[in-house]
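The entries follow in the order of my look-ups.

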Amino acid sequence: MSETLFTKIINREIPADIVYEDDTTLAFRDINPQAPVHLLIIPKRHIATINDITENDRELVGNLYYVAAKLAKEMGFADDGYRTVMNCGENSGQTVFHIHLHLLAGKPLGWPPYSDKMKQA
Ligand code: 5GP
């Protein structure tokens with residue numbers, strides 16, 4: 001799959017509220033937050049879905065979690081707790097085909113994360 005709007009955010013071609021950047025990784029606030037804090041942590045290199053992660057990407061993908069923990073500590077919600085989610089494909093509801101780790105925080109988060117309607121299906 002081809003590059004997405006996240007490539008445009010990486011290249012500063014469209015604006016985003018960027019909270020972190022290093023050589024391989026960018027983190028910015030979700031445009032439609034589902035919690036008081038909702039960040040997206042992405043690799044700068046385009047990888048469409050979890051299924052497209054290769055052996056060479058193991059360090060790159062691990063860094064997404066390192067950055068999640070780093071931001072949780074720096075932003076002050078590490079001890080309260082938070083959730084990380086990475087959707088993959090149609091059944092998960094993935095809409096942007098550039099892998100991204102959702103980081104949700106700032107309130108108690110329900111579990112399991114799917115609706116009652118979906119549970120009955
Ligand atoms: P997915 O459903 O693929 O797991 O998550 C995609 C996320 O990207 C959604 O939470 C959506 O709100 C967010 N998103 C979509 N377009 C933009 C955008 O232009 N800017 C930002 N910051 N987030 C976006």
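The model is predicted, so I kept local features to pLDDT of at least 70 and side-chain atom pairs to pLDDT 80 or more, while totals for chains, interfaces and linings use all residues. Residues are numbered from 1 along each chain as its sequence is written, and side-chain values use heavy atoms, with hydrogens and water left out.

Entry on Thr-49. I located Thr-49 in the loop between β3 (37-43) and α2 (58-75); helices (H or I, at least four residues) and strands (E, at least two) are DSSP runs, numbered from the N terminus. Beyond its neighbours within four places in sequence, I found Thr-49 in contact (heavy atoms within 4.5 Å) with Cys-88, Gln-94, Phe-97 and Ile-99. A polar atom of the Thr-49 side chain lies 3.0 Å from the backbone nitrogen of Asn-51.

Entry on aromatic pairs. I paired rings of Phe, Tyr and Trp (its six-membered ring) with centres within 6.5 Å; planes under 30 degrees apart count as stacked, over 60 as edge-to-face and the rest as tilted. I counted 2 aromatic pairs by this rule. The Phe-6 and Phe-28 rings are edge-to-face, because their centres are 5.4 Å apart and their planes at 80°. Phe-6 belongs to helix α1 (residues 5-10) and Phe-28 to strand β2 (residues 25-29), so this pair ties together parts 22 residues apart in sequence. I noted both Phe-6 and Phe-28 as buried. Phe-77 and Tyr-82 also form an edge-to-face pair, 5.7 Å centre to centre with 75° between the planes. Phe-77 is buried at 7% relative accessible area, whereas Tyr-82 is partly exposed at 33%.

Definitions and conventions
Polar contact = N/O pair within 3.5 Å; in protein donor to acceptor, adjacent residues only side chain to side chain. Buried < 20%, exposed > 50% of the residue type's maximum accessible area, 1.4 Å probe, protein only.
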